[in-house]
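Please keep the sequence and the coordinates in view while reading.

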Amino acid sequence: MNLDKVICPCKKVKRKAIVKAIAKGATSLKAIEKQTGAISKCGKCKKDVKKLIKRLEEA
Ligand code: FES
């Protein structure tokens with residue numbers, strides 16, 4: 001997985017920022033939004049963030 005890929009163009013949040021937020025204890029979408037800013041603007045990246053969480057859980 002390319003962790004440098006931008007998952008949220010609005011906030012320029014990369015996948016690795018999401019990974020980091022989870023590592024720091026973010027357990028919900030809300031917590032990830034708070035820590036990274038992803039999802040907080042248009043919300044279009046929400047499904048991608050969800051997918052990423054799922055992929056990380058399965059890995
Ligand atoms: S793409 Fe993430 S808030 Fe718009």
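**From a loop residue to the helix packing**

Ile39 is found in the loop that lies between H2 and H3. The model is a predicted one, and every value below is computed from it. Although Ile39 is not a glycine, its phi is positive, at about 80°. Is Ile39 buried or exposed? It is buried, because 24 other C-beta atoms lie within 10 Å, and the threshold for burial is 20 or more.

Lys12 belongs to the loop between S1 and strand S2 (13-14). Its surroundings are described by 11 C-beta neighbours inside 10 Å, so Lys12 counts as exposed; the limit for that class is 12 or fewer.

Ile39 also belongs to the largest nonpolar core, which has twelve residues. The greatest contribution comes from H1, with three residues.

Ile32 is placed in helix H2 (residues 29-36). It is classed as buried because 25 other C-beta atoms lie within 10 Å. Leaving aside residues up to four places away in sequence, Ile32 touches Ile18, Ala21, Ala26, Ala38 and Val49. For the pair Ile32 and Val49, which are 17 residues apart along the chain, the C-alpha atoms are separated by 8.9 Å. Ala21, under the same exclusion of residues up to four places away, touches Ala26, Ile32, Gln35 and Thr36.

How do the two helices H1 and H3 pack? Helix H1 (residues 15-23) and helix H3 (residues 46-58) pack at an angle of about 60°, and their axes are 11 Å apart. The two helices are therefore oblique to each other. The crossing in which H1 passes H3 is right-handed. On the H1 side, Arg15, Ile18, Val19 and Ile22 take part, and they meet Val49, Leu52 and Leu56 in H3. By residue class, this contact of H1 with H3 comprises six nonpolar residues, no polar residue and one charged residue.

Some residues link these views of the model.

Methods: Residues are numbered from 1 along each chain as its sequence is written. This is a predicted model: local features need pLDDT of at least 70, side-chain atom pairs count only at pLDDT 80 or more; totals for chains, interfaces and linings use all residues. Axes are lines fitted to C-alpha atoms, for helices over the stretch in contact, and angles run from 0 to 180 degrees between N-to-C directions. Helices (H or I, at least four residues) and strands (E, at least two) are DSSP runs, numbered from the N terminus. Angles under 35 degrees count as roughly parallel, over 145 as roughly antiparallel, 65 to 115 as roughly perpendicular and the rest as oblique. A crossing is left-handed if the near helix is turned anticlockwise from the far one by less than a right angle, and right-handed if clockwise. Two residues are in contact if their C-beta atoms, placed from the backbone, lie within 7 Å. Ala, Val, Leu, Ile, Met, Phe, Trp, Tyr, Cys and Pro count as nonpolar, Asp, Glu, Lys and Arg as charged, and the others, Gly among them, as polar. A nonpolar core is a set of buried Ala, Val, Leu, Ile, Met, Phe, Trp, Tyr and Cys residues joined through C-beta atoms within 7 Å.
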